[in-house]
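Visitor: Could you take me through one part of this model close up? I would like to look at where the two chains meet.

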Amino acid sequence: MPRLSLYKPEKGQDYKFIDNRIFEMFTVGGTDIFVHKYLGPKNTSEEDSTPTTPNYNAVAETNIQDLLFLENRDRKYDDDIYVLRGVYTLQDIDYNLSQFGLFLSNDTIIMTVHITSSIKILGRKIIAGDVIELPHLRDEYGLNEFSTAIKKFYVVEEVTRAVEGFSPTWYPHLYRLKLKQIVDGQEYKDILNNSANEDVPEDGTLRDLLSTFTKELEINTAVIQQAEADTPLSGYETRHFFTLTKNDQGNVSIVTADFSSLDASTQNELADRVMQTPERDGYIGYLLGDGYPPNGEVFGIGIEFPNGSIEGDYYLRTDMFPNRLFRFNGTSWKKIEDSVRMTLTNTDDRATQKFTFINNTNENVIDGEIVKERQSLSKALKPRSDNM
Amino acid sequence: MAQHFYDGQIRRYLTQAIRLLSNFSYKDIEGVITPIPVMYGDLSRQVGSVIRDNSENKLPSCPRMAVYVTNLELDRQRLADSTYVSKLNIKERAFNSETNEYDNYNGKGYTIERLMPTPYNLTINVDIWSSNTEQKLQILEQILVLFNPSLELQTNDNFVDWTSLSVIYLESVSWSSRTIGNSTESEIDIATLTFSTPIYISPPVKVKKLGVITSIITSIFNEEQGTIDLDLAVPNLQAYIDNRAKADIKDKISTDDDGNLLSQHTAIIKKADADALVNVTPLDFGLLIRDNTAKLLKNGFQAKASWVEYLKLYPQPFENDITELRLVRSDFNGEIIGTISLVDQSPHEVSINWDVDTIPGDTVLTSDFTASNKIHFIIDPLKTNPTTIKEPGLRLLLIDESIGDVVNTDGADAWKNNDGTDFIASANDIIEWNGTKWSVIFDASESNEQVIYTTNLNTGIQYKYLNGEWLLSYEGEYPQGSWRIVF
């Protein structure tokens, strides 16, 4: 080893002297950065674990949640926030308008942090996935209703040694962090579920403060409401149309009861009735059955036909799917229509043929065992572990 | 400049497309299910700024879906006769504006005329932005299973809109916008689904009044010749409203054994010629007009249906004191018109407020004592003693029997004049008491050709003298075909 050499195999006093000066420089000239330390992917439970989404012994940065897609989508972050100092070059940024709204076009920051102090504080090297908040970029003047300023968060995408961080000793003193603004996504739920203001927790979570999610969902809901106003149900609305009742001779079928002595207990004979109730809906078309009798006639609902019905009574059987409307013709109940109109919105009670396979919470008791009716095709009736 | 019209038709297709893709979700490792917002993709920069609370610190949410139009082109294969007009006749249930509810009887009738719409193919892209692959797969699996091969897309549930139902086809799936393994930037991952839907764009429709047949006009049977004139069966210009078939109605008055007034009714509907109009009202009811009221008749008896029920058979709404009753009879040139109103306590009657201009005025009969066009009573002089009602100016119509005779030496005391002389008058005469003696002011035997009208002040009923007999003037029984309701 030559006597005069700035490089030494070990980090000597020269290195430490320079490193301290650099740290001082960061302390004096740098800005605070709050680091949300990435602890690792959330652990898949044992019962849900698979070979490609394993259950680990502990949460660790080295774990990989999905070994097929090679992604850590459910990330766990430390509840503590670590304060470092960093330096980066400010730059003007513009918005890009995409199909998903406004995005900052070049909001990628290259930041340098002091290696030894950051490791001392964090307990490890900064890694991709750590989230950094820049307190000096807080926006106190947004349009939000919150009393809290809108914070600025970045995620570390890459960590390399900064070229400018190498001292004459040839040892690096700085990390170069490539930072990109985070999105309100699955990966950062652990951070965004924290209170926006610990002193005023009722102000909501960081997501409420930072994310456009609530606004977007409100917009989406409004569009759905408009669509439901335009088309409340599939098929066509004919309840406000009139159906003329004819008798066997083709004449208007008139109720022949003596109106002055009506029995008020009968279902369909209103005091102002003049015509017999229709035997069928007067309008033909695709998906017109709604379970309501023509002309707004009164009808009963239940799972079995009532006794004492008279000609012209309607009854909706709700034990049938789809519900079926009947009319009593004096001797028997004749089918009028099935109630087939239903919402076109993807609600959890939509019951088209396809959606009865999706919206299904039924449970069946098979030989004393409760079996969920809805099962994935790949998992239905798979052999159980029998210690063979 | 043409009149402006806009119905938001393409807008509704996009609204429904967003609805179709809404309410999907993804599930994280903790089982939390998060809905995925779906929005229109071509938003304005200003609104984008508002959504971000005008702050560059706001975080866009992920995953998200954006729906936008990429193409709209005329579909020539679906072009049809552009002049074709489809007509749809619709009867609406009556709407009660007081309760804001539909009633269970018929209301207005409409005829909808729809011009052939223009077919287009609309292409829509749906971009799905996800932050990881598993998330993308969760979203795609929920959506892709629905398209087998298409879904219905319905823009509204209006029965008359023949363009509202369409289908939406999944044409292609672009898996990712990213370049695999060849980028220094971690671009957002966007999967794109391309949908196409055949749509129609329609001009406005014509909403017209439905010509419901509540009154059938026929001119087939020639009453005079007893033949059927088929060549006159079609409506023609000769079928004027004043050429209606008219009822030959006779309500002859008489008294019973106790002297009470009776009427004997005959009525035949007759056509003047083959062109004359016959009015056929719903259910072929007849009508009984008495004491400014009308009752429905069926086969000569009061119908069981009340007026409220009967009027519901008409498409037009009934209005008290506005809806008209019109009568035609052979002894009147024009129609007898009155407005009708329901009688609360008597559902089988309507009260009539006659249009006096359509009813003949009473004939003024002059005597030495007074001039008047009214009478006070109608009596059979052999059954009713006038002594108690006698006062100067009293006028009586004598029916059925005469009083006095030239061969009598001593007539009935009740009919003597104050000077003791006997009074002589014939049946159908109108007589007057001037305070001292009776006199005949209308001698029926000399007035066979004359039509005399007079109103009984005791009942308010008008009578007429025609062809040697006293009849009800316009009251009486009207057979079906001789009356109608005008709304």
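Guide: Happy to; here is a walk through the contact between the chains. This is a predicted model, in which local features need pLDDT of at least 70 and side-chain atom pairs count only at pLDDT 80 or more, while totals for chains, interfaces and linings use all residues. Residues are numbered from 1 along each chain as its sequence is written, chains are lettered from A and ligands numbered from 1 in the order in which they are written, and side-chain values use heavy atoms, with hydrogens and water left out.

Chain A brings 99 residues to the contact and chain B brings 87 residues, where contact means heavy atoms within 4.5 Å. About 7,800 Å² is buried between chain A and chain B, with carbon and sulfur atoms giving 57% of that area. Buried area is the accessible area (1.4 Å probe) that two parts lose on being put together, summed over both. On the chain A side, Gln99(A), Phe100(A) and Tyr236(A) lose the most area to chain B, together 10% of what that side buries.

The rule finds four salt bridges between chain A and chain B, each being a side-chain nitrogen of Lys or Arg within 4 Å of a carboxyl oxygen of Asp or Glu. Lys189(A) forms a salt bridge with Asp28(B), and their closest N and O atoms are 2.7 Å apart.

Several elements of chain A give two or more residues to the side that touches chain B, among them β7 (153-161) and α5 (213-230). Helices (H or I, at least four residues) and strands (E, at least two) are DSSP runs, numbered from the N terminus. The largest share of that side, twelve residues, comes from α5(A).
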